[in-house]
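Here are a few exercises to work through with the structure open beside you. Try each one before reading its solution.

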Protein chains: 4
Amino acid sequence: MELGMIGLGRMGANMAQRLHLGGIAVTGFDPGQEARERLAATGVATAATLEALVQALPAPRTLWLMVPAGAVDPLLEQLLPLLSPGDLVVDGGNSWYRDSLRRAQRCRQAQVAFIDCGTSGGVWGLQEGYCLMLGGEEEAMARLRPALEALAPAADRGWAHVGPTGAGHFCKMVHNGIEYGMMQAYAEGFALMQKKQEFALDLAQVAEVWRHGSVVRSWLLDLGADALRRNPQLEGIAPYVQDSGEGRWTVSEAIELDVPAPVITLSLLERLRSRESNSFADRMLAQMRSGFGGHAVKAANDGE
Amino acid sequence: MELGMIGLGRMGANMAQRLHLGGIAVTGFDPGQEARERLAATGVATAATLEALVQALPAPRTLWLMVPAGAVDPLLEQLLPLLSPGDLVVDGGNSWYRDSLRRAQRCRQAQVAFIDCGTSGGVWGLQEGYCLMLGGEEEAMARLRPALEALAPAADRGWAHVGPTGAGHFCKMVHNGIEYGMMQAYAEGFALMQKKQEFALDLAQVAEVWRHGSVVRSWLLDLGADALRRNPQLEGIAPYVQDSGEGRWTVSEAIELDVPAPVITLSLLERLRSRESNSFADRMLAQMRSGFGGHAVKAANDGE
Amino acid sequence: MELGMIGLGRMGANMAQRLHLGGIAVTGFDPGQEARERLAATGVATAATLEALVQALPAPRTLWLMVPAGAVDPLLEQLLPLLSPGDLVVDGGNSWYRDSLRRAQRCRQAQVAFIDCGTSGGVWGLQEGYCLMLGGEEEAMARLRPALEALAPAADRGWAHVGPTGAGHFCKMVHNGIEYGMMQAYAEGFALMQKKQEFALDLAQVAEVWRHGSVVRSWLLDLGADALRRNPQLEGIAPYVQDSGEGRWTVSEAIELDVPAPVITLSLLERLRSRESNSFADRMLAQMRSGFGGHAVKAANDGE
Amino acid sequence: MELGMIGLGRMGANMAQRLHLGGIAVTGFDPGQEARERLAATGVATAATLEALVQALPAPRTLWLMVPAGAVDPLLEQLLPLLSPGDLVVDGGNSWYRDSLRRAQRCRQAQVAFIDCGTSGGVWGLQEGYCLMLGGEEEAMARLRPALEALAPAADRGWAHVGPTGAGHFCKMVHNGIEYGMMQAYAEGFALMQKKQEFALDLAQVAEVWRHGSVVRSWLLDLGADALRRNPQLEGIAPYVQDSGEGRWTVSEAIELDVPAPVITLSLLERLRSRESNSFADRMLAQMRSGFGGHAVKAANDGE
């Protein structure tokens, strides 16, 4: 099987390599020369332009997009005119599932098949394999199968055709919502242990022991344990947590479907909170307390 | 009716004055000379010692305690030996209702009646009257009635005998829990309007218009509107919110009684959050994101 | 001043009456004959068709829409062709502010002015006056002023031009988000008191006493106290709480603007939760507990 | 090494077997004859009375308690008079760490050593090994080591001496708080996927694919996937979730230490919520909405 990988950032480059190692004939493309050269250095073929990439692939072609959510639409507009009826586009990035529904429609007009693929695996996927949740039609899925078997941790597991178009990115969205909740649960627990100074707990030791036999063992805990081993007090790290879209989409979808999801929702809000400085809400609270009860307000430039 | 007011801080001194203005013969006591002199300057009698206060009152005596929650037990131990069977002690402060149950028992051993009185009114009570929620026995309540009618906004409203011993402070605890939730709701709403820069909203104007005809009008909103009028951007105020015990007790009680109270609970947690610096939980989250996805961590000394 | 009121449901009919009583020459229209007749019976003029309504008004006309959010677009499409340059449309309903931005644009194409007006007042507005938050241009606002002075609790308060187009409905959206949080805070507090059976609290009495002198006094509390007086155990009422859109919009807007609003958000989720039966999440939790710890699962048809 | 296991319920009996299989000379005791016989049938020695158990063990003795949290104090009062200076008591159950601090003190008076051991492993521990978090003194820990190596998944991992007395149960408490949050995150995510009917997702398939290569893979997910495979719609299970104490303690401890833990806290509240019927808070909300806006209230006996 031959496949073109578009987008050679951290995820795309690693996936191209894993496909290559798995016996898939991959050609990679990225507008950045440096990204192309990094991939070429691993022995994977690259193309210098989108046109060259398309021409390098035999029809019917398979193009796997691994670009930021915001870059998919402009890329599709460039790509579709170069493709032929029967070609297949896979969006393996973190797109909103509703965008995927729209894009599948757009591709259908060009008689190009479309698969939305939610991809989990992070920086570990190259070595451990990727978890792939796929939405689309059966026929396209069958064509893609050799690539999926190469990307997943094993040929028969770690990838699944979960439903029609959109279902792949929908499951990935929920997956990441769950991830937010799990991470927040661990973070709160470790923060509580860290604050219990009288026990002088060694958090790395606690995380390590939980990895064996405990019901909270998980991959996230493995990562947390590793982080605490290398930096037990998490020094030098700002308490500033980004979010990447899926959490917001999950919260929004849950509300739209009347599904209460308080823990996933709060996990997102805690990330927003982490990035706030000089919260207006908190100042308003401090001021209202003062207005009613005469409680002193802390001045803005007071130390702690 | 005669009454001894013990504790002449902001609340006690104002209540003594309102009682005095309402025709009750009050004598005030506070260990601090300055506090005594401030009250004396308003025309209210004071006593220089606890012993002098007790002697100044005709039996059966009525002593109203208006001291911090932590000061009630030591004060009672000092006071009870000076009292006689049939005397009445009222705890009008923010005590935990379970402490009041214990203290009533302690007083009963000395044949002294005990009333727990939850008091709301803040710095406005002197002028507007206090809201009083009382727990205890009917007979003691009847004796206290003239004082209650003087303290409340009107003789027939703003005070109530809500139940047996403990019930007064229990209601006050819940009252403050509700207050936390209401304040947080306002604070979040104003923060949202403040952030919507494209509308350049005048928050003081919005708060003011809501005071008339709107379903969110309330005393807290009046105070908020006033604060925003005087300081529209809440400048110079730290985003740092204290809590005073009742919120914690409410959360704890709700859990013990299996009553989910998520909004009151979150309101308390937001106050804890406002006082955090360098949150360990947030650093743990940032580090775990990095460990899995390779996302960059913000360094601790980065600016925003 | 003359004004056409379109939509004679609970809100529109009452507002037409208040305008009429305030000396504004109102003509009301509603597609439902019964609604028209009900208004006519109060002495307010009505028109049988939209065309008749428009013709009955002198140019430049003022049309006030008081229809459900979903009905505004179709109504505008019907109405605009009947209007003339210089006419003014006011949307006083609960529209999403982003729809109002779009509709103002649509009206501008027809040279018709547009004002978005967030309206609070409920069934009480006829008697107490309405709280009105308005977005739009100064000139249109000046023309509308007599109507605003008649609708508001007093000529000089209870209405405000808060900003450009959209700002009126934006403020109303936040207003209702705050209302959700306040109501939830009260509901949780009363539920906690109701569960504390050993104190046998009379919730109506507690609500009543809080109305006087307490920091939690508010209009919502007045309504709550009234409800508890008439039905102290809230018998016959299902624990089923609707929501009407503004809460969802507030939550969504807060997330989009990176403003953490946990209490408003949780208040919405609690309403979703109240409407759930046979929660899949709870069944999943029960099953996972069983799978790990061997804890018995309650069978679906068990009684409590 | 010889050891007496007191409490032969699900956990204690399995642990006795694992110790036995690991070469530790265990004698088990339980007041219930049936429990003793079940253990005896697996080849582990049992004693018919507490006295017989103590006499069967060589001094200095090691007694491991595996009884419900509420049974520890009465058991200790029975047990301590039978012990001799130098004996060791291990509490491996789910005790509150503050009780363990008190009990260690009580044992010290009898010159008996005390170790608090948080134990995770559930019904899987017999086969997979237990995760053990231990608090106490180094010397006692050294004596216990052979038992710990037999109980843990491997001699050198899955057990740790995490700190002084109390630290073991403290870590277990936090561990379970985290477990609550993780389980709630999964439950919410699966509930959201279940509600998205247009994708007709096979939840067992999704859970299974996530087990391989995904960042949310964990033991809890393994258990969830297994449950969904056997009962894809979770039929016959009531949406009713128990909690066992550790969640409450974690929430309470976090508040006391000023550590905001919103996700763990909400996870507990969701369990309380799952067990509510006819929520007073929801009825209060429904009634307040009606009182202000005239919104219809759903009658208590209405179907959905």
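A polar contact is a pair of N or O atoms within 3.5 Å. Keep in mind that this is a predicted model.

**Exercise 1.** Work out how many residue pairs are in polar contact between chain B and chain C, and which part of chain B gives the most residues to that side.

Solution. Start with the count: there are 22 residue pairs in polar contact, both partners at pLDDT 80 or more. Next, look at the elements on chain B's side: those supplying at least two residues each include α5 (97-109), α8 (167-195) and α12 (262-274). Of the contributors, α8(B) gives the most, with 18 residues. Finally, sort the residues of that side: 39 are nonpolar, 18 polar and 12 charged.

**Exercise 2.** Find the salt bridges across the interface of chain B and chain C.

Solution. The rule gives four of them. For one to look at, go to Glu253(B) and Lys196(C), whose side chains meet at 2.8 Å, N to O.

**Exercise 3.** Decide whether the rings of Tyr97(B) and Phe199(C) are stacked or edge-to-face.

Solution. First take the centres, which are 5.7 Å apart; rings pair if their centres lie within 6.5 Å. Then take the planes: they stand at 75°, so the pair is edge-to-face. Now place the residues: Tyr97(B) lies in helix α5 of chain B and Phe199(C) in the loop between α8 (167-195) and α9 (203-210) of chain C, so this pair joins two chains. Last, check accessibility: Tyr97(B) is buried at 1% relative accessible area, and Phe199(C) is buried at 4%.

How values were computed: Residues numbered from 1 in each chain as written. Chains lettered and ligands numbered in written order. Predicted model: local features only at pLDDT ≥ 70, side-chain atom pairs only at ≥ 80, totals over all residues. Heavy atoms only, no water. Salt bridge = Lys/Arg side-chain N within 4 Å of Asp/Glu carboxyl O. Polar contact = N/O pair within 3.5 Å; in protein donor to acceptor, adjacent residues only side chain to side chain. Helix = DSSP H or I, 4+ residues; strand = E, 2+ residues; numbered from the N terminus. Nonpolar A, V, L, I, M, F, W, Y, C, P; charged D, E, K, R; others polar. Phe/Tyr/Trp six-rings, centres within 6.5 Å; stacked < 30°, edge-to-face > 60°. Buried < 20%, exposed > 50% of the residue type's maximum accessible area, 1.4 Å probe, protein only.
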